[in-house]
Amino acid sequence: MIYFVESKNISNPTLPAMNENAIEINSLTRYFGTKCAVNQLSLQIPKGSIFGLLGRNGAGKTTTIRILMGLMSPTRGSARVLDYDCQSLPPEARERIGYLAEGHHIYGWMTLRECGKFQSSFFRKWNSDIFHSILNHFRLDERAKAGNLSRGQRAGLCLALTLAPEPELLVLDDPALGLDPVARRSLLESMLYVTRKDNRTILFSSHLLSDVERVADRIAVVHQGVLRADCPVETFCDHIRQYVIRYNGTAPDISTLPGLLHSFRTDKEISVTCVKDDALKAALEKLPGEIIEVPLGLEDAFVSYVGERGEKSFFLENTKHQEATR
Amino acid sequence: MIAIIWKELRENIKWGLLGLAVFGIALAYAWTKVADMNNFTGIERNYQSLLSPTILLAISLTSAIVGGALGFLQIMPEQKRDRWAFLVHRPVSLETIFWGKFAAGFLLYFGATLLPFAALYLVAARPGALPAPFDPRMALAGFVDILAGFTVYLAALISSLRTGRWLGSKLLVIAGAVLVMGVISNRMEILYSVLWFICYSIIFLIAARGMISNQGLWNPLRKVAKITFFVVTLLGCVQLLSWSLLLITGLFSSNNVSFSNGSRYSILKDGTPIAVEYKNGIPSKVLSLDGKDFLFTREQMARLRIQTLDRQNLDTSPEEADNFSYREIGRYVLPSSSSTEGQWYYSLLGRQFMLYNCYSKSTKCIGILTPSGYVAAGENSDSRFPNIYPGMGNISSTPIFNNKVYYIDTLNLTTSLIYTAKDKNNIYQASTFTPVISDDLNIKIYFIISLAKKILVLDKKKTTVIALPWAHDKKIWSNVGFSMMRDESACFTVSTPSSEIQSKNNWQFPIIIDKYNTQGQLLKSWNLKDQPEKSRPIPWHFYAAGAITPIGWYGWQDFSYWVGAKLKISSYQRMWAFTKTNWRLQLTLWKLSLLSSVISFIAAFWVLRRKGLSAPTMAAWLLVVTITGIAGFLAMLAVPEFPNRISCPSCGKKRRVEAEECEHCEKPWPLPVKDGTEIFAMKR
């Protein structure tokens, strides 16, 4: 039985104390050649939280997750997962960690039943009900070959294999990558189902911010290998502010605005996105023209936060002028 | 583990079956070549049945290909990062996963190779399958080649697990396995082959096990894994150097005629002298002595027996030379040779002369060698010597014991004394010759007994048919072949110069064929200029060995011979003698080794300084490179991941990215620069 839960943060009404972390990352650094992919990343993920790891492509999310899963070694720094050094996770630790990689790999020559049987043989704890429930939820026939499944179905099967051992920690690396909205929704529902258990931690990376907004209670934003934000989703959205400044005559100088992420200038107005700061309000008040605050969702806030910084402009008048003189 | 093995078997069974098919086809093809008695090239050797070089070559090549492909196919498709993660992220240790993969690979490899080989064995053992003797032990050489092929499988595991460049350590590991294959296959006794196989397999396994647990990287491998991985790569470097040397010597050598080319002179059983031209060791053309093509009848072809085979006797006595030749051509060869009677073959098994009927495959013991001499079967009262054990020895149907020459009549299964000399040292050589070319019932057999001052030719009644003088210096022309015209109107002798003397003194002597009448008067003589075998070249792999320094090379050899001596493996004594007594080779090796050491040390010092290694690590590498020479230097370049160095943000000098503090200014890495847009909220 799959429960669809609208509300987020259903995992635990009260987050555990700070020292009860499922994952602790300490100055994690990873170089590929001379390129630094992850730069001194420090992060704590409390037990029982649903933690979204966000960032653009190449930001270092997957690298971080792969290091946490012991699939890659860090250049410097360390990380502990469920109190184990991530570079030497023993079988007991792996039994408590469910990991779903972005490729949703399974052995195509196995039937779904064989997949379940194969996977269950490694675990002391295997909840067949969860496995079958998720398969049913994705309408999967156990006699089918895994290789014949669609991408969404494969994701469902992988999720079933990952969730059936009832892991304490679930690490999902962009689980909805390449899925259509229906499959994505199914995946999300299944994921939410498992979070109903107490003290279960989920770390997931995703580009689908609407999903993140729905399920995550805390996010970390990694940009060019550096951790730029680590806060609850609401705090993040609350901190990214967009204002439209309508002006007449000379455009106001916005380059000195504190926490300025980027601005977009058209003929008569400037749209500025800033990180909320105590000094920001005062600085805005000094600017000439009408200032209107625009509310931002997570997606807009994220795009503004990790997008290209600086000023962009688009002048309609110039375009018209050029057309007239042609 | 069971689940992993099951998964691996299910996943790779298709490759196993493909390997089985490839191996089976290769063996079937080789068998058809061997079974073709009209094939001139095979005629010298096909009596060895499963020991035929054609079959052994097919086994070696195909088992290496099957092993290598299986190793790669077991790992590489799964190495894409998500697939690998799916495999390794489960509550079992990497060790379990590795052993599961290995067990499945082991079963698939040996299934794919041993099943066709067993089928070949059954075919070869079938009476009448090949007009050649068959002994179950003939399968040992092929079995060892299959074992040797398994090292390529192990190397493929290492290579595919290794994170590195294909044209680097990955390739070197495979080259190392090829070298190891040669080492295992070319041991002359099964015991030593198996011993080497076990040793090298353990080395390869430890290295492979290290690779899987360490994401294919050198650091932080455990010490034992580092050593084994370095050894495997070092072997690859030696192999590559050897190949390079072979290529260079092949391309630029002024004397391109190798010792396996040229022509050799022979006498057919009907007394006709011929010259057989060889190309790359394979007879390519048969000429009469006047240089015209010699045309065989089919019968002659089938009965051809080269009388003056190049013995490659090196520095050994003629008796030992026979052993050496046999061992070199076919390992564990059960000494066997076509008897004059065609279908019967004789053989020395330990101390017993055995007879085989090539069509019925029946065997019969006809005599036993004891310390007191030769005793006919059934008459041996010494219970200590009925031993049957695999052994090799000079084989002749006219064995010499002390001062007596016996004849083993393989047709009537009897033995008889044919000649007694005054002094055992007086008898130099004894052989038989028969001019029979068809299945005549009245076989004429001549015994040729080389004495100190003359060569006697006796008939079956032990009467002297002809007595010939040593027409040429017997120190040089030590090997004399003989043939008699069918009508006994004339006879021929072929005097072949000792290759040992030619080699040592860099001389070149002709082969001399003399024609005599029945009174022993010389009628005609041919001085046949021998082909360029005057100086047997030092095998190329000895030069390659020079790339390893004296300590490495001689240390390895001494260890090898120490083991050989401990295990009482007699064949090793002689090989050692060859290397030890060949001072020209010794000197060359020492010079090369010293040069290699010096060059490697300087090059390694320069490279390591630039890489900024710590002093202890650098010292360790320099020591290793000095011992292992150029090969070790190349392995050093391929094996470790040298520290990644970038400019220090504090002092600007190059610093290691792994180190927390700069080795120059001792400052830590600065924290990422904050731009005021960071959002950090304390957790509740």
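This is a predicted model: local features need pLDDT of at least 70, side-chain atom pairs count only at pLDDT 80 or more; totals for chains, interfaces and linings use all residues.

Q: To which strand of chain A do bridges join β3(A), and do the two run parallel or antiparallel?

A: Two strands pair if DSSP finds at least two bridges between them; strands (E, at least two residues) and helices (H or I, at least four) are DSSP runs, numbered from the N terminus. Here β3(A) is joined by four bridges to strand β8 (residues 201-205) of chain A, and the two run parallel. Within β8(A), A:Ile202 is the bridge partner of A:Ile50. Four bridges also link β3(A) with strand β9 (residues 218-223) of chain A in the parallel sense, where A:Arg218 partners A:Phe51.

Q: Why is β3(A) described as largely enclosed by the rest of the structure?

A: A residue is buried at under 20% relative accessible area, exposed at over 50% and partly exposed in between (1.4 Å probe, protein chains only). Strand β3 (residues 50-54) of chain A is largely enclosed because five of its five residues are buried. A:Ile50, A:Gly52 and A:Leu54 point one way, while A:Phe51 and A:Leu53 point the other way. In chain A, 57% of the 326 residues count as buried.

Q: Which residues touch the most other members of the largest nonpolar core?

A: Such a core is a set of buried Ala, Val, Leu, Ile, Met, Phe, Trp, Tyr and Cys residues joined through side-chain atoms within 4.5 Å. In the largest, of 183 residues, they are A:Leu157, A:Phe236 and A:Tyr305. Helix α5 (residues 139-161) of chain B supplies the largest share of this core, 14 residues. Leaving aside residues up to four places away in sequence, A:Phe236 touches, among others, A:Ile219, A:Tyr305 and B:Ile679.

Q: How many residues does each chain bring to the contact between chain B and chain A?

A: Contact means heavy atoms within 4.5 Å. Chain B brings 44 residues and chain A 61. A salt bridge requires a side-chain nitrogen of Lys or Arg within 4 Å of a carboxyl oxygen of Asp or Glu; the rule finds one across this interface. B:Arg10 forms a salt bridge with A:Glu114, with the closest N and O atoms 3.3 Å apart.

Methods. Residues are numbered from 1 along each chain as its sequence is written. Chains are lettered from A and ligands numbered from 1 in the order in which they are written. Side-chain values use heavy atoms; hydrogens and water are left out.
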